[in-house]
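Please keep the sequence and the structure open while reading.

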Amino acid sequence: MDTLTVINILQSEILQWPGGDAFSQILSILFYAIFIVFIFYGQRIQMYVMLREVEGSLHKLKYIKDEGRKTTIETIKEIGKPQTDPTTRVDRFLEYFTLLPQSLDPAGVVWKLEHILDIRDARFKDEVKLMAPATDETQTNNLENTLEAAMALNYIYKIIRHFYLLGKKTLSLYIIMQIQMILPLVMREAEAYASALKAFAYGQPIGDGAGALVGAKLMYGHEKRKVPKDCVVSTVPIEGRTAYVVKAEGPGGNVGKTGDAIKTIIEENEGKIAMIIMIDAAMKLEGEEVGELAEGVGAAVGGPGVDQFKIEESILKYRIPINAVIIKEDIGDAVSPMRKEIFDAADMAIERIKQVVLEKTKEGDKLIIAGIGNTIGIGQ
Amino acid sequence: MSKASTSTTSKISSFVLMIIFVTLALSLTALILALYAFPQNPEAAGYLLLIGFLGVGLSTYVLLQTRRRILRLRIEATSITTTIECKKCGFKSLREFQRGDYIFKEVEPCQKCNDKMLITAIFREIKGKRKEGFPS
Ligand SMILES: [Zn+2]
């Protein structure tokens, strides 16, 4: 044992000092005492060290959460012009919860989930309208996103506090240990939400909007029409093909229901779509560069899975091939204001899409290009 | 609610600070005592010296730690740049992001040709990029 050898060396060193009889005896007893304490209470001491560490992070989480709440309330006051103080309403909102549908019998669970999420969305929008009556649609969407970020921060804080207090109460090493082990990842997530909250409050484009940015760049200058739900589509000629470019309707914070939009376009064309290309931001692994592109197949849509399910259902019906181009970023980049690397990657992604279009489709074909992601701060 | 809790946080930190300063003072006293005790009892002076240095070292370390934590707690403000371009003459200008800006928003007319200008980019740049050190 490392400590033991150190103690022994120290002890013998001190014993060799001249004229230190009584003093050195006291010291050696002290050393033994420390040694015994460490043998019996080592684990407990380790536990207290861990608890201290969790406590420190908890303080930080509380600070982040309170800042988020403050920013939210200030933003509501600034752009919403409420007659009454929105603080109590915001505090009540932060405690909202959503119960996901029972999946014991999984058949049809997607529709139930979609329904629940629709209700949640409608409820949030109503709530925001009540809190901030003077907002337009864009600002309502931004405020809704801001509130959701504040809610997430509040939830993370409460969960960590729960385990901290539970660990303190039970003095169980394992309860404390499991929370201490995941703490670095939790803190990263909390910091990401904190910067997301700021971006949402100001309406700045975020990294997750990379796909929406590609869509916007493709459709800019062409005529647009709305498709359900909260999406826009425009018909863009690309390399002699006709592309239906889809994105969520900006510039408010909004991800749109791309699944429904793609389904609508496929049905309008009676399934005569040669290919679908999806562009989305995706989680990068540590060591990969921000803004790196990768290509693959499959429906590249994040979120709770409803949109991915719907897209897969509709392409299966007509056997439409689906390709995906992803722009890599980590969780911090995805929700904080868009980095230059990601912004520049959008142009490269467009080049990549053109290449795929040239290689995989014939002239005169119709195809769908879907830019996925939160379109906050990105118009069209 | 939040007001009360922030005051507790500051109370805790000031309490810790007090302990640190008391330790610092005590260890400094030990060092001075060691200086006085040296002629009569060099051995005791040695112990005092040891305790003094340990105390000074420990308290400075803890002090620096808390300071660093405070510095890290501050959420850094990033500057976001908005790029405005004139589609007609190519005139380009950069400014700080303002609330209400969005990509592809038409803004004030161009200084040169009076045509409508367009926001073409909004991004943040990270200065002093850190290389993630592992060869690919
Ligand atoms: Zn001009």
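A:Lys229 lies in the loop between β1 (225-227) and β2 (231-238) of chain A. Helices (H or I, at least four residues) and strands (E, at least two) are DSSP runs, numbered from the N terminus. A cis peptide bond with omega of about -15° joins A:Pro228 and A:Lys229. A:Leu171 is not a glycine, yet has a positive phi of about 50°. Most residues other than glycine have a negative phi, and most peptide bonds are trans.

This is a predicted model, in which local features need pLDDT of at least 70 and side-chain atom pairs count only at pLDDT 80 or more, while totals for chains, interfaces and linings use all residues. Residues are numbered from 1 along each chain as its sequence is written, chains are lettered from A and ligands numbered from 1 in the order in which they are written, and side-chain values use heavy atoms, with hydrogens and water left out.

Chain A has 11 helices and seven strands. Its radius of gyration, taken over C-alpha atoms, is 28 Å, well over the 21 Å that the globule rule gives for 380 residues, so chain A is more spread out than a compact globule. The globule rule is 2.2 Å times the number of residues to the power 0.38. Along the principal axes, the C-alpha atoms of chain A fill a box of roughly 100 × 55 × 45 Å.

The domain assignment, which is automatic or from a database, gives domain 1 (50-202) and domain 2 (207-371) of chain A. Their centres, taken over C-alpha atoms, are 28 Å apart. Contact between them (heavy atoms within 4.5 Å) takes 18 residues from domain 1 and 18 residues from domain 2. The two domains bury about 1400 Å² between them, 61% of it on carbon and sulfur atoms; buried area is the accessible area (1.4 Å probe) that two parts lose on being put together, summed over both. Of the area that domain 1 buries against domain 2, A:Val110, A:Glu114 and A:Arg188 supply 28%, more than any other three residues.

Five salt bridges are counted between domain 1 and domain 2, a salt bridge being a side-chain nitrogen of Lys or Arg within 4 Å of a carboxyl oxygen of Asp or Glu. On the side of domain 1 that touches domain 2, α4 (109-131), α5 (137-170) and α6 (173-202) each supply at least two residues. The side chains of A:Arg188 and A:Glu286 meet in a salt bridge (3.6 Å, N to O). A:Glu114 forms a salt bridge with A:Lys310, with the closest N and O atoms 2.3 Å apart. A:Glu114 lies in helix α4 and A:Lys310 in helix α9 (residues 306-318), so the pair ties together parts that are 196 residues apart in sequence.
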